[in-house]
Amino acid sequence: MAKIKTLVKLPEHPAHVEYVNDDLESMQKVVRGKLEAVRIEEGWCVICDEEGRLKGRVKNCELGGVGFVGKIMIAGTEGDGFKDFEVTEEFAQKYYQLWED
């Protein structure tokens, strides 16, 4: 099974790199629920629990004007699938809040 490089962030914790199996079940375990992929910019998206708000999950962060709750994962995108996510200097500067908590 192929693993992809992702950026994972828990509420009130800084983001960290995590390698995750590229399959539905593994990704659901990471975000602790049903997957929802929210494309923020070309080339990457935030993967979260689509029912996080209904479950009363804690506020995590805001990216691209979208507020997220619970544990999130950032992955690169390629067509309809996911790929390794590389943190560029531009990304790090634009979304610096991922590393502060």
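What is the volume of the largest pocket? It is about 180 Å³. A pocket here is an open set of points on a 1 Å grid over the protein atoms alone, where a 1.4 Å probe fits, with protein on both sides within 12 Å along at least five of seven lines. Its volume is the space filled by probe spheres set on the points, which are joined across faces, edges and corners.

Before selecting anything, note that this is a predicted model, in which local features need pLDDT of at least 70 and side-chain atom pairs count only at pLDDT 80 or more, while totals for chains, interfaces and linings use all residues. Residues are numbered from 1 along each chain as its sequence is written, and side-chain values use heavy atoms, with hydrogens and water left out.

**Stop 1: the pocket**

Select Trp-44, Phe-85, Glu-86, Thr-88 and Phe-91, which lie nearest the centre of the largest pocket among its 14 lining residues. A lining residue has an atom within 4 Å of a point. By type, the lining holds four nonpolar, three polar and seven charged residues. Asp, Glu, Lys and Arg count as charged, Ala, Val, Leu, Ile, Met, Phe, Trp, Tyr, Cys and Pro as nonpolar, and the others, Gly among them, as polar. Now select helix H2, residues 89-94: the largest share of the lining, three residues, comes from there. Helices (H or I, at least four residues) and strands (E, at least two) are DSSP runs, numbered from the N terminus.

**Stop 2: the rings**

Keep Phe-85 and Phe-91 on screen. Both are buried, that is, under 20% relative accessible area; exposed is over 50%, and partly exposed is in between (1.4 Å probe, protein chains only). Rings of Phe, Tyr and Trp (its six-membered ring) pair if their centres lie within 6.5 Å; planes under 30 degrees apart are stacked, over 60 edge-to-face, and the rest tilted. The count comes to six aromatic pairs. One of them joins Phe-85 and Phe-91 edge-to-face, with 5.0 Å from centre to centre and 75° between the planes.

**Stop 3: the core**

Which residues does Phe-91 contact, leaving aside neighbours within four places in sequence? They are Leu-7, Trp-44, Ile-74, Phe-85, Leu-98 and Trp-99. Contact means heavy atoms within 4.5 Å.

Phe-91 also belongs to the largest nonpolar core, which has 16 residues; among those with the most contacts inside it are Trp-44, Val-46 and Leu-63. Such a core is a set of buried Ala, Val, Leu, Ile, Met, Phe, Trp, Tyr and Cys residues joined through side-chain atoms within 4.5 Å. Colour strands S3 (35-41), S4 (44-49), S5 (59-63) and S7 (72-78), the elements that give two or more residues to this core. The largest share, three residues, comes from S4. A second, separate core of ten residues includes Val-8, Val-30, Val-31 and Ala-75.

**Stop 4: two loops**

Most residues other than glycine have a negative phi. Select Glu-12, in the loop between strand S1 (3-9) and strand S2 (16-21); its phi is positive, near 65°. Glu-12 is exposed, with a relative accessible area of 62%. Next select Arg-32, in the loop between helix H1 (24-31) and S3. Phi of Arg-32 is also positive, near 65°, and Arg-32 is partly exposed at 47%.

**Stop 5: distances**

Select His-16 in strand S2. His-16 and Trp-99 are 83 residues apart in sequence and 8.3 Å apart in space, C-alpha to C-alpha. Finish with Ala-2, in the segment before S1. Ala-2 and Glu-12 are ten residues apart in sequence and 30 Å apart in space, C-alpha to C-alpha.
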